[in-house]
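Okay, thanks for making time, everyone. Let me put the model up, and then I'll walk through a few spots.

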Amino acid sequence: MPTPSWQVAGQYYETCSCSFVCPCILTQLTAKPSKGTCTFAMGFKIDRGSFGGIALDGLGFIIVGFTPEEMSRGNWSAGVIVDERASAAQRDAIVAIASGGAGGPMAALSGMIANFVGVESAPIRFEQDGMKWSVNAGTFVSMSAMPAMGIDPNTTEPLQLRNTGHPANSDVSLARAVQSDVSALGFTWHDGSGQNNGQYAPFTWAST
(Lines give C-alpha, C1' and ligand atoms only; values in the text may rest on other atoms or scores of the structure.)
Protein backbone atom coordinates (compact mmCIF):
# COMPACT_ATOMS: atom_id res chain seq x y z
CA MET A 1 0.00 0.00 0.00
CA PRO A 2 1.27 3.53 -0.73
CA THR A 3 2.24 5.65 2.25
CA PRO A 4 -0.54 8.14 3.05
CA SER A 5 0.22 11.83 3.16
CA TRP A 6 1.07 13.08 6.63
CA GLN A 7 2.18 16.16 8.53
CA VAL A 8 3.30 16.82 12.11
CA ALA A 9 4.29 20.06 13.84
CA GLY A 10 5.36 20.88 17.36
CA GLN A 11 8.52 21.21 19.44
CA TYR A 12 11.76 19.24 19.36
CA TYR A 13 14.29 18.82 22.21
CA GLU A 14 17.62 16.98 22.20
CA THR A 15 20.61 16.22 24.37
CA CYS A 16 23.65 14.19 23.36
CA SER A 17 26.81 12.91 25.02
CA CYS A 18 29.07 15.32 23.10
CA SER A 19 30.50 18.30 24.96
CA PHE A 20 28.88 21.68 24.32
CA VAL A 21 28.86 22.60 21.40
CA CYS A 22 28.48 19.25 19.61
CA PRO A 23 31.14 19.08 16.87
CA CYS A 24 29.07 16.84 14.60
CA ILE A 25 26.61 19.52 13.57
CA LEU A 26 29.46 21.96 12.84
CA THR A 27 31.39 19.62 10.54
CA GLN A 28 28.79 17.96 8.32
CA LEU A 29 28.92 14.92 10.65
CA THR A 30 32.60 14.25 9.91
CA ALA A 31 34.07 15.15 13.33
CA LYS A 32 34.79 12.48 15.90
CA PRO A 33 32.28 12.80 18.75
CA SER A 34 33.73 14.54 21.81
CA LYS A 35 33.94 11.28 23.76
CA GLY A 36 34.67 9.02 20.78
CA THR A 37 31.09 7.79 20.49
CA CYS A 38 27.78 9.62 20.76
CA THR A 39 24.52 8.70 22.48
CA PHE A 40 21.57 10.97 21.77
CA ALA A 41 17.93 11.40 22.67
CA MET A 42 15.61 13.48 20.48
CA GLY A 43 12.18 14.26 21.91
CA PHE A 44 9.28 15.44 19.75
CA LYS A 45 6.09 16.93 21.15
CA ILE A 46 3.39 16.84 18.47
CA ASP A 47 1.03 19.77 18.80
CA ARG A 48 -0.77 19.08 15.52
CA GLY A 49 -0.46 16.09 13.25
CA SER A 50 -2.15 13.51 11.10
CA PHE A 51 -1.14 10.42 9.16
CA GLY A 52 -3.70 9.87 6.47
CA GLY A 53 -6.91 9.93 8.48
CA ILE A 54 -5.19 9.18 11.81
CA ALA A 55 -4.96 12.16 14.19
CA LEU A 56 -1.67 12.52 16.11
CA ASP A 57 -2.42 15.75 18.01
CA GLY A 58 -1.00 15.90 21.53
CA LEU A 59 1.19 12.79 21.31
CA GLY A 60 4.96 12.55 21.65
CA PHE A 61 7.88 10.32 20.77
CA ILE A 62 11.60 10.06 21.46
CA ILE A 63 14.30 8.78 19.12
CA VAL A 64 17.25 7.32 21.02
CA GLY A 65 20.45 6.33 19.28
CA PHE A 66 24.14 5.53 19.41
CA THR A 67 26.88 6.26 16.88
CA PRO A 68 30.13 4.32 17.40
CA GLU A 69 32.37 6.80 15.55
CA GLU A 70 32.00 9.77 13.22
CA MET A 71 28.31 10.09 12.36
CA SER A 72 29.05 10.26 8.63
CA ARG A 73 30.45 6.71 8.79
CA GLY A 74 27.00 5.33 9.59
CA ASN A 75 26.57 2.11 11.54
CA TRP A 76 24.14 3.85 13.91
CA SER A 77 21.82 2.01 16.27
CA ALA A 78 18.47 3.66 16.97
CA GLY A 79 15.03 3.00 18.37
CA VAL A 80 11.80 4.83 19.19
CA ILE A 81 9.85 5.39 22.40
CA VAL A 82 6.21 6.21 21.69
CA ASP A 83 3.67 7.89 23.95
CA GLU A 84 1.75 5.15 25.75
CA ARG A 85 -1.52 6.99 25.02
CA ALA A 86 -1.14 6.21 21.32
CA SER A 87 -3.45 3.61 19.81
CA ALA A 88 -1.93 0.80 17.75
CA ALA A 89 -2.60 2.75 14.55
CA GLN A 90 -1.13 5.95 15.99
CA ARG A 91 1.92 4.05 17.26
CA ASP A 92 2.53 2.54 13.81
CA ALA A 93 2.19 5.98 12.20
CA ILE A 94 4.64 7.59 14.62
CA VAL A 95 7.21 4.83 14.15
CA ALA A 96 6.92 5.17 10.36
CA ILE A 97 7.55 8.92 10.64
CA ALA A 98 10.32 8.67 13.24
CA SER A 99 12.21 5.92 11.43
CA GLY A 100 12.02 7.59 8.04
CA GLY A 101 10.02 4.69 6.66
CA ALA A 102 7.21 7.05 5.65
CA GLY A 103 9.56 9.54 4.02
CA GLY A 104 10.07 13.06 5.30
CA PRO A 105 13.17 14.51 7.00
CA MET A 106 14.16 11.37 8.92
CA ALA A 107 14.40 9.38 5.68
CA ALA A 108 17.65 11.23 4.95
CA LEU A 109 19.22 9.55 8.00
CA SER A 110 17.68 6.10 7.59
CA GLY A 111 20.63 4.90 5.51
CA MET A 112 22.93 5.66 8.45
CA ILE A 113 20.98 3.35 10.78
CA ALA A 114 22.41 -0.16 10.54
CA ASN A 115 20.55 -1.49 13.56
CA PHE A 116 16.97 -0.50 14.35
CA VAL A 117 16.67 -1.79 17.91
CA GLY A 118 12.91 -1.58 18.31
CA VAL A 119 10.05 0.34 19.88
CA GLU A 120 8.93 0.90 23.46
CA SER A 121 5.91 2.67 24.95
CA ALA A 122 6.01 5.00 27.95
CA PRO A 123 4.20 8.01 29.43
CA ILE A 124 6.04 10.94 27.84
CA ARG A 125 6.02 14.35 29.54
CA PHE A 126 7.36 17.64 28.17
CA GLU A 127 7.75 20.31 30.86
CA GLN A 128 8.97 23.88 31.16
CA ASP A 129 10.26 25.37 34.44
CA GLY A 130 11.25 28.96 33.75
CA MET A 131 13.82 28.68 30.96
CA LYS A 132 14.68 25.06 31.78
CA TRP A 133 12.99 22.37 29.70
CA SER A 134 12.72 18.65 30.38
CA VAL A 135 11.54 15.49 28.65
CA ASN A 136 10.69 12.34 30.58
CA ALA A 137 9.57 8.91 29.42
CA GLY A 138 8.95 6.71 32.43
CA THR A 139 12.09 4.81 33.41
CA PHE A 140 13.49 5.00 29.87
CA VAL A 141 14.52 8.63 29.37
CA SER A 142 14.93 11.69 31.57
CA MET A 143 16.67 14.74 30.14
CA SER A 144 16.72 18.45 30.81
CA ALA A 145 18.61 21.50 29.58
CA MET A 146 18.97 25.24 29.96
CA PRO A 147 19.15 27.61 26.97
CA ALA A 148 22.68 28.78 26.17
CA MET A 149 22.72 32.57 26.37
CA GLY A 150 25.16 35.06 24.88
CA ILE A 151 26.96 37.88 26.68
CA ASP A 152 24.37 40.62 26.02
CA PRO A 153 22.29 40.83 29.25
CA ASN A 154 19.45 42.49 27.34
CA THR A 155 19.00 39.57 24.95
CA THR A 156 16.35 37.08 25.96
CA GLU A 157 16.82 34.67 23.04
CA PRO A 158 19.40 31.85 23.20
CA LEU A 159 22.36 31.36 20.92
CA GLN A 160 21.38 29.76 17.64
CA LEU A 161 22.89 27.80 14.79
CA ARG A 162 21.35 28.35 11.37
CA ASN A 163 21.39 26.41 8.11
CA THR A 164 22.60 23.24 9.83
CA GLY A 165 20.59 20.73 7.83
CA HIS A 166 19.46 19.03 11.05
CA PRO A 167 16.39 16.89 10.27
CA ALA A 168 14.31 18.44 13.07
CA ASN A 169 14.89 22.01 11.94
CA SER A 170 17.78 23.53 10.03
CA ASP A 171 17.86 26.38 12.60
CA VAL A 172 18.30 25.24 16.22
CA SER A 173 18.62 27.01 19.57
CA LEU A 174 21.58 25.89 21.67
CA ALA A 175 21.29 24.61 25.23
CA ARG A 176 23.50 23.13 27.91
CA ALA A 177 22.31 19.77 29.11
CA VAL A 178 21.58 19.72 32.84
CA GLN A 179 21.03 15.98 33.04
CA SER A 180 20.59 13.05 30.66
CA ASP A 181 19.58 9.54 31.62
CA VAL A 182 18.74 6.82 29.10
CA SER A 183 18.01 3.19 29.97
CA ALA A 184 16.08 1.80 27.04
CA LEU A 185 16.35 -0.54 24.07
CA GLY A 186 19.85 -1.60 25.06
CA PHE A 187 21.15 1.95 25.49
CA THR A 188 22.54 3.06 28.85
CA TRP A 189 23.74 6.63 29.36
CA HIS A 190 23.84 8.73 32.51
CA ASP A 191 25.30 12.22 32.72
CA GLY A 192 24.81 15.06 35.18
CA SER A 193 27.98 17.02 34.47
CA GLY A 194 26.20 20.02 32.99
CA GLN A 195 28.85 20.11 30.26
CA ASN A 196 27.08 18.28 27.47
CA ASN A 197 25.29 19.56 24.41
CA GLY A 198 21.59 20.30 24.04
CA GLN A 199 19.47 21.94 21.37
CA TYR A 200 15.83 22.55 20.60
CA ALA A 201 13.56 24.08 17.96
CA PRO A 202 10.04 24.04 16.60
CA PHE A 203 9.60 21.40 13.93
CA THR A 204 7.27 21.03 10.96
CA TRP A 205 7.51 17.81 8.98
CA ALA A 206 5.49 16.46 6.08
CA SER A 207 5.54 13.56 3.66
CA THR A 208 7.45 14.15 0.45
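Quick definition before I point at anything: helices (H or I, at least four residues) and strands (E, at least two) are DSSP runs, numbered from the N terminus. Bookkeeping next: this is a predicted model, so local features need pLDDT of at least 70, side-chain atom pairs count only at pLDDT 80 or more, and totals for chains, interfaces and linings use all residues. Residues are numbered from 1 along each chain as its sequence is written, and side-chain values use heavy atoms, with hydrogens and water left out.

N163 sits in the loop between β10 (160-161) and β11 (172-184), and its phi is near 60°, which is positive for a residue other than glycine.

Now over to the loop between β1 (6-19) and β2 (38-51), where V21 lies. The peptide bond joining F20 and V21 is cis, with omega about -5°. L29 is in the loop between β1 and β2 as well. L29 isn't a glycine, yet its phi is positive, about 70°. With 22% relative accessible area, L29 counts as partly exposed.

Last stop is the surface. M131, M146, M149 and V178 make a nonpolar patch of about 300 Å². Patch residues have over 30% relative accessible area and no salt bridge, with like charges joined within 9 Å and nonpolar side chains (Val, Leu, Ile, Met, Phe, Trp, Tyr) within 5 Å. A salt bridge here is a side-chain nitrogen of Lys or Arg within 4 Å of a carboxyl oxygen of Asp or Glu. Areas are Shrake-Rupley with a 1.4 Å probe, and for residues only the protein chains shown count as cover. M131 itself is in the loop between β7 (124-129) and β8 (132-137), and at 40% relative accessibility M131 counts as partly exposed.

Key: Buried means under 20% relative accessible area, exposed over 50%, partly exposed in between (1.4 Å probe, protein chains only).
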